[in-house]
Amino acid sequence: MDQLTITFLGLGVMGYPMAGHLAKAGHAVTVYNRSAAKAQKWVNEYSGSAADTPAQAAKNADIVCVCVGNDDDVRSVVYGEDGALAGMKQDAILIDHTTTSALLAEELNLACQTHGLHFIDAPVSGGQAGAENGQLTIMCGGDQQTFDRASTAMNAYAKQIQLMGVAGQGQRCKMVNQICIAGVLQGLSEALMLAEASNLDIPQVVNTLQHGAAGSWQMANRLETMAKDEFDFGFAIDWMRKDLGIALDEAKQHSLDLTMTHEVDQHYAKLQQQGLGRMDTSVLVKAIKQSSQAE
């Protein structure tokens, strides 16, 4: 792999290990994080450097990766005199791994074109474990030539990378991904309720069904922990609600009524009101059990 000069903005539970994989792959990595202490910790753990602003971090970079919280967080590190665009060199690539609206992806694509830069929206799926193990699935929007160049970096932490179309299409594919997860978790929650009421052995159920048509990553990795009331696995419902909100907004633009997605979103809203916003998305089972008991 050719060595690249890469900037990584955002060292959360996803960005921290993703940037680490880039350093391990031999790229020259500079990081920026709102918490300077977190950035310094990363530098101490991997070979690389830290900068005080996104603009300083992006200077001379071939590729600038962003992995922060939401649309506004992305804008805060990309725009302005201290933002990444102010420091990026001509012909460099901005990759946004944040899950955002498709409208933001289209906006960033135009902003990059204005500055003589290239853009890829590249939301990821696979959670914290996927980031740590370098096994993420990445859905991309942009042009083929930019995608091919960007993949050189993304290969360091991905098991699957796919160009879905023009800018914004990566984000729209991520919306589809989150809707699928919501539906699977709702199905698993109701299935678990019946399995428990029927005195079935849950590990045995998982071992049997995961190899058939009902099998899924969520079943293999979450059904048993759901039965044990364990919900501390990384991707919090606070973030899932943000993602489902983006999907529901997109659906409105197409005059679609996503009944199941809205129902799951409301279940998560109730769990947030109970102080469970930082719990893993599989905590949905609690809300569904509560709803069933209320009826």
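**Stop 1: Q128.** Select Q128, which lies in helix α7, residues 127-133. Keep in mind that this is a predicted model. Is Q128 buried, exposed or partly exposed? Its relative accessible area is 29%, so Q128 is partly exposed.

Now show the neighbours. Leave out residues up to four places away in sequence, and Q128 touches V13, M14 and G234. Q128 and P17 are 111 residues apart along the chain. Yet their C-alpha atoms are separated by 8.5 Å.

**Stop 2: helices α1 and α2.** Select residues 15-24 for α1 and residues 36-45 for α2. At what angle do these two helices pack? The angle is about 35 degrees, and the axes lie 11 Å apart. The crossing of α1 and α2 is right-handed.

Show side chains to see who meets whom. From α1 come Y16, A19, G20 and A23. From α2 come K38, K41, W42 and E45. The residues of this contact divide into 4 nonpolar, 1 polar and 3 charged.

**Stop 3: the cysteines.** A disulfide is a covalent bond between the sulfur atoms of two cysteines. How many disulfides are counted here? The count comes to 0.

Check two cysteines for yourself. Select C112 and C65. The cysteine sulfur closest to that of C112 is in C65, and it is 12 Å away. C112 counts as buried, at 1% relative accessibility.

Move on to C180 and C173. The sulfur of C180 has its closest cysteine sulfur in C173, at 8.9 Å. This is again too far for a bond. C180 is partly exposed, with a relative accessible area of 47%.

**Stop 4: helix α13.** Select residues 259-273, the 15 residues of α13.

Which residues of α13 are buried? Colour T261, V264, D265, H267, Y268, A269 and L271: these are the buried ones. Then bring in the partners. The buried residues of α13 pack against α9 (169-197), α12 (237-253) and α14 (284-294).

Technical notes. Residues numbered from 1 in each chain as written. Predicted model: local features only at pLDDT ≥ 70, side-chain atom pairs only at ≥ 80, totals over all residues. Heavy atoms only, no water. Helix = DSSP H or I, 4+ residues; strand = E, 2+ residues; numbered from the N terminus. Buried < 20%, exposed > 50% of the residue type's maximum accessible area, 1.4 Å probe, protein only. Contact = heavy atoms within 4.5 Å. Disulfide = S-S within 2.5 Å. Expected span 1.5 Å × (residues − 1). Axes fitted to C-alpha atoms, helices over the stretch in contact; angles between N-to-C directions. Left-handed = near helix turned anticlockwise from the far one by under 90°. Nonpolar A, V, L, I, M, F, W, Y, C, P; charged D, E, K, R; others polar.
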